Number of protein chains: 2
Amino acid sequence: MTFSIQNMASQAKQAANVVASLSTETKNRVLMTISANLQAHTTKILAANQLDMKAAKENGLSESMVDRLLLTEERIIDIAKAVEHIASLPDPVGLVTKTSRLPNGLNVSKQRIPLGVIAMIYESRPNVTVDAASLCFKAGNAVVLRGGKEALHSNLALADSIHQALEQFDIPLHAISLVPDPDREIMNELLTLNEEIDLLIPRGGENLIRHVSQNSRIPVIQHYKGVCHLYVDQFGDLTKALNILINGKTQRPGVCNALETLLVHKDVVKQFLPVVAATFAEKKVRVHACEQAIEYFDNADLATDLDYDAEYLALEIAIKVVDSYDEAVSHIQRFSSGHTEVIITQDISLANQFIRQINSAVVMVNASSRFSDGGELGLGAEIGISTSKLHAYGPMGLESLTTEKFVVLGDGHTRV
Amino acid sequence: MTFSIQNMASQAKQAANVVASLSTETKNRVLMTISANLQAHTTKILAANQLDMKAAKENGLSESMVDRLLLTEERIIDIAKAVEHIASLPDPVGLVTKTSRLPNGLNVSKQRIPLGVIAMIYESRPNVTVDAASLCFKAGNAVVLRGGKEALHSNLALADSIHQALEQFDIPLHAISLVPDPDREIMNELLTLNEEIDLLIPRGGENLIRHVSQNSRIPVIQHYKGVCHLYVDQFGDLTKALNILINGKTQRPGVCNALETLLVHKDVVKQFLPVVAATFAEKKVRVHACEQAIEYFDNADLATDLDYDAEYLALEIAIKVVDSYDEAVSHIQRFSSGHTEVIITQDISLANQFIRQINSAVVMVNASSRFSDGGELGLGAEIGISTSKLHAYGPMGLESLTTEKFVVLGDGHTRV
């Protein structure tokens, strides 16, 4: 019998009713069992991963992709610990978020419920399989996982550990479904199943996300890129500014919350840019500078709009001098990807103005953009990040995998 | 020069930045001025409406459509009063919904911000023009209004009153844009403008909503239909049940929160259905009954799955006897449109179980489904209702026209 994604999604939808009504205690016990299974099955999982690694090398995958694909005993322990951490997080399902008594005596409240079925489409990291499965499950949803073909053996082995845990608790295995066929047509069919699937979360490169967004009949969490700005104001503390700049650009340049553009107020240029230039030279950061900034750097290019629009994801940065706070805000509003923007200032009025005027998902004062992450912002864990404003905006934790219903308690109330 | 919807949407996007930063006080003053203008321009508005009415009669529009289209002095006063009411509602923008201090001293909060640009696509009621414009504006958004062609003259006259108010406060007129050309191709182009428009809210028949959902590149608030269920449990108070049934089915049968299906526990059938039959005969409610219920009614049809799936929007109802609470829940889960479901029971455990198990947008105990409305549930006003779980679920008030950003305050914090 050939595989049917439609059939898998329908069974996931049925399983979703079961997951939605599990108690927090049961869900946590399932998650702890998944963690134990992963560790107990390490040998099998590593053997499956070796098949993927061999194929990856034969197919000449890039070193960074091969590294993402690789599982080790240590990495499996990390994956298992992450599942235990998700078990320890508060359960959003059933939370009463608002409650009021209306003048006619009706009691109206809002209560958190799961979304239903979530589909994850991702690339080569096998840890996403376990991570996404655990988060969706903890929030009471069924999940359909479609990973990259280069990680298929690893994903199947991981799913096996998960399914053994579900089986032990008599939970339908389709509660956590892994698409066993990496065919692109099957993925495209998945995008059309809006009767079965409530939300689609793509995780990967901009091309994958655009493909999913443009072809989906299901609501999609969009996150194209992170062009994060740091604006150093005339009243900024330049020591804080330098630390935050270095942290944002060099600590982990390949991630979406790394800094991509530095804006500097003209009054602090002379004092600030020479120190920046010295540090960037030492850290080997390539600089694209505007006309007013370029003189401070050896080997800098002249920045163009393409630089201001770029997500370098590398030791590379665009630097621009602005004449005023307003010019900084205009620049950010024009080039922002809606991810994270930071102001460095000691001026409380200006800080408040920045918070009011900038409507990116995360707006920061005197802190590193690298904190723009679900774990760092106190969400406990992150399923993804949204740069479109619908449903969720910014880092998404368990709560973003739920919605709210109205609960109305009357005593025979009718409408007049 | 021909009209360009792309141009209109781009200008709306620019205007959205202005509206987002208006103070609550200014927004309220603009709304009060709109209300005053509408009343001052009554003669002009009624004259424009007469043009639409004349065309409607010439084109043989149905009586109910003509009635929806009609404006009178009294209706204009009602529309103006509704605008004043929106001015009196709390402003969701800027509301801090969560705040916490992390172990490292970072202060993280969430703050409500406008969505940006909202597009409304609707049919013949001219009051939607003013209502939607006021709600979107109060929530800090720009709005693109695309009403039905049969109401175009009325809508243009109403928009003129609105624009005079915007002008008086130096707000770009594109903050509230009315599409002046009812051409269907222009509407279809509007559906593709996902760079400019953040949210699409269609209001009208199921065909319009399906067309919009299927062709939109912009997130859409979906509300196909309301198949609301009333389940009368074996422990239900039958007097409450009868009142709530009559209220739900007959008070205003043409709306989405009217009842469409009655489920009755077998143990109360003999006591309850004869009273229901007598009342429905008197109120001329047409009945589609299951085999066990049909004997209680004169002239009832035998109900089929088509009946259980139907949104009659008329004095017509499906009635089914169930053997148990579980059968009632299964029936609702199968046929629910996700709108509103009601249980009549005095059993507190069963009431709680119903609240847990039914994940429709509104779940009620001992209250009429007719309360399932933004105004009645205390939201102040309603922009629409969502039966899909993403972003908003159920009646949507001002808050649903906003989203939340993260605000992070540090003091030189960098990530380790």
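Predicted model: local features only at pLDDT ≥ 70, side-chain atom pairs only at ≥ 80, totals over all residues.

Visitor: In which sense do strand 7 and strand 12 of chain A pair, parallel or antiparallel, and over how many bridges?

Guide: Strand 7 of chain A, residues 228–232, and strand 12 of chain A, residues 340–344, pair in the parallel sense, and four bridges join them. As a general idea for reading such strands, side chains in a regular strand alternate between the two faces of the sheet.

Visitor: How is strand 1 of chain B joined to strand 2 of chain B?

Guide: These two strands run antiparallel and are joined by five bridges, with Val96(B) having Gln111(B) in strand 2 of chain B as its bridge partner. Together they form a hairpin with five residues between the strands, and in the turn Gly105(B) has a positive phi of about 95°.

Visitor: Which strand of chain B pairs with strand 16 of chain A?

Guide: Strand 16 of chain A, residues 402–413, pairs with strand 13 of chain B in the parallel sense over five bridges. Within this pairing of the two chains, Val408(A) stands opposite Met364(B) in strand 13 of chain B.

Visitor: How many residues of each chain are in contact, and how much area do the chains bury between them?

Guide: The contact involves 67 residues of chain B and 67 residues of chain A, and the two chains bury about 5300 Å² between them, 54% of it on carbon and sulfur atoms. Of the area that chain B buries against chain A, 16% is supplied by Leu390(B), Phe406(B) and Arg415(B), more than by any other three residues.

Visitor: What polar links are counted between the chains, and how many salt bridges?

Guide: There are 47 residue pairs in polar contact between chain B and chain A, both residues being at pLDDT 80 or more, and the count of salt bridges between the chains is six. In one salt bridge, Lys240(A) meets Asp411(B), with the closest N and O atoms 2.6 Å apart. Several elements give two or more residues to the side of chain B that touches chain A, including helix 1 (5–20), helix 10 (238–250) and strand 16 (402–413) of chain B. Strand 16 of chain B gives the largest share of that side, 11 residues, and the residues of the side as a whole divide into 29 nonpolar, 24 polar and 14 charged.

Visitor: How many salt bridges does a search of the whole structure find?

Guide: Over all chains the search finds 38 salt bridges. Within chain A, the side chains of Lys27(A) and Asp91(A) meet in a salt bridge at 2.9 Å, N to O. This pair links distant parts of the chain, 64 residues apart, with Lys27(A) in helix 2 of chain A and Asp91(A) in the loop between helix 5 and strand 1 of chain A.

Conventions:
Residues numbered from 1 in each chain as written. Chains lettered and ligands numbered in written order. Heavy atoms only, no water. Contact = heavy atoms within 4.5 Å. Buried area = accessible area lost by both parts, 1.4 Å probe. Salt bridge = Lys/Arg side-chain N within 4 Å of Asp/Glu carboxyl O. Polar contact = N/O pair within 3.5 Å; in protein donor to acceptor, adjacent residues only side chain to side chain. Nonpolar A, V, L, I, M, F, W, Y, C, P; charged D, E, K, R; others polar. Pairing = 2+ DSSP bridges.
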